[in-house]
Amino acid sequence: MPIERRPLREQIREELMLRLDRGDFAAGTDINEAALAGELGVSRTPLREALITLAGEGVLESNQGRGFRFAPVSRKEFRELCAIVAALEALALESSDPAYLRRIAPELLALAQDFSADVAERQDIERHDDEWHDLLLSGCANERLLDLITSVKAGMRRYAHLMTGESTPMERAAEEHCRVAERLIDGDLEGAAAALRDNWINGMERMMSRIP
């Protein structure tokens, strides 16, 4: 793991999230801190700081005072997380400058249309969706709200390994992103927020069958 000029705990957190995305850690897996610190070539202190951060984000949970483990997954929790993110992103959108949103709306529409495949690889979908959602919320000045969205989304990352592989084609609905952009072009912020919530809820339903 390359060492960069930023807090080591942040690098460790990102490394663990990458491994979680790859499916290296199964839900409910206990973490051997000594072994993991040795594998990463770091001391226990920054590792524990990273683990505490991930526990705060819901990625890990305390194992009855015996350390940490990756939190189990459930359909109930995934529904709750998706509902929270849908509401928070809609709030961030509604808090943005309407004039700014109308300026970026054509770019949002172009991004959605450029990647219009109904089925694509998971990594491609996630990368494109992240780019699209980042642009959509780029006009929100409420940094605490954006931090909260990022934190809740981190808790959803452990569901990524439930996909059947990084190269497995997945369903997606590009028209849902187009609908949000089209509402913004029309100046219909309320309609865009409603379409954004629908995008999250529909995405949740497409994922449910993969959760035990």
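Student: Hi! Quick one to start: is Cys140 buried or exposed?

Tutor: Cys140 is buried, with a relative accessible area of 8%. Buried here means under 20% relative accessible area, exposed means over 50%, and partly exposed is in between, using a 1.4 Å probe and protein chains only. Keep in mind that this is a predicted model: local features need pLDDT of at least 70 and side-chain atom pairs count only at pLDDT 80 or more, while totals for chains, interfaces and linings use all residues. Residues are numbered from 1 along each chain as its sequence is written, and side-chain values use heavy atoms, with hydrogens and water left out.

Student: And what about Cys178, buried or exposed?

Tutor: Cys178 is buried too, at a relative accessible area of 13%.

Student: Let's zoom out. How many helices and strands are there?

Tutor: There are nine helices and four strands. Both are DSSP runs numbered from the N terminus, with helices being H or I over at least four residues and strands being E over at least two. Along the sequence, the pattern reads α-α-α-β-β-α-α-β-α-α-β-α-α.

Student: What share of the protein counts as buried?

Tutor: 43% of the 212 residues. As for contacts (heavy atoms within 4.5 Å), take those between residues at least 6 apart in sequence: 77% of them join residues at least 24 apart.

Student: Which residues of the largest nonpolar core touch the most other members?

Tutor: Phe78, Leu108, Trp132, Leu136, Val180 and Leu184, out of 40 residues in that core. A nonpolar core is a set of buried Ala, Val, Leu, Ile, Met, Phe, Trp, Tyr and Cys residues joined through side-chain atoms within 4.5 Å. Two or more residues come from each of α4 (75-94), α5 (98-114), α6 (122-136), α7 (143-156), α8 (174-185) and α9 (189-208). Helix α4 gives the largest share, nine residues.

Student: Who does Val180 touch?

Tutor: Setting aside neighbours within four places in sequence, Val180 is in contact with Trp132, Leu136, Ala192, Ala195 and Leu196. There is also a second, separate core of 19 residues, with Met17, Ile31, Leu36 and Leu60 among them.

Student: Back to α9. What does Trp200 touch?

Tutor: Trp200 is found in helix α9 and is buried, with a relative accessible area of 15%. Beyond neighbours within four places in sequence, its contacts are Cys82, Val85, Ala86, Glu89, His133, Lys153 and Met156. The C-alpha atoms of Trp200 and Glu89 are separated by 9.5 Å, although the two residues are 111 apart along the chain.

Student: New topic: at what angle do α1 and α2 cross?

Tutor: Roughly 100°, with the axes of α1 (residues 8-22) and α2 (residues 33-40) coming within 12 Å. Axes are lines fitted to C-alpha atoms, for helices over the stretch in contact, and angles run from 0 to 180 degrees between N-to-C directions. Angles under 35 degrees count as roughly parallel, over 145 as roughly antiparallel, 65 to 115 as roughly perpendicular and the rest as oblique, so α1 and α2 are roughly perpendicular to each other.

Student: Which residues meet there?

Tutor: Ile12, Glu15, Leu16 and Arg19 from α1 meet Leu36, Glu39 and Leu40 from α2. That contact has four nonpolar, no polar and three charged residues. Here Ala, Val, Leu, Ile, Met, Phe, Trp, Tyr, Cys and Pro count as nonpolar, Asp, Glu, Lys and Arg as charged, and the others, Gly among them, as polar.

Student: Is that Glu15 buried or exposed?

Tutor: Glu15 is buried, with a relative accessible area of 18%. Glu15 and Leu40 lie 9.1 Å apart, C-alpha to C-alpha, and 25 residues apart in sequence.

Student: And how accessible is Arg22?

Tutor: Arg22, also found in helix α1, counts as partly exposed at 47% relative accessibility.

Student: Last one: where is Val59?

Tutor: Val59 sits in the loop between α3 (44-56) and β1 (60-62), and Val59 is buried, with a relative accessible area of 0%. Not counting residues up to four places away in sequence, Val59 touches Met17, Leu20, Leu54, Phe70, Ala71, Ala154, Gly155 and Arg158.
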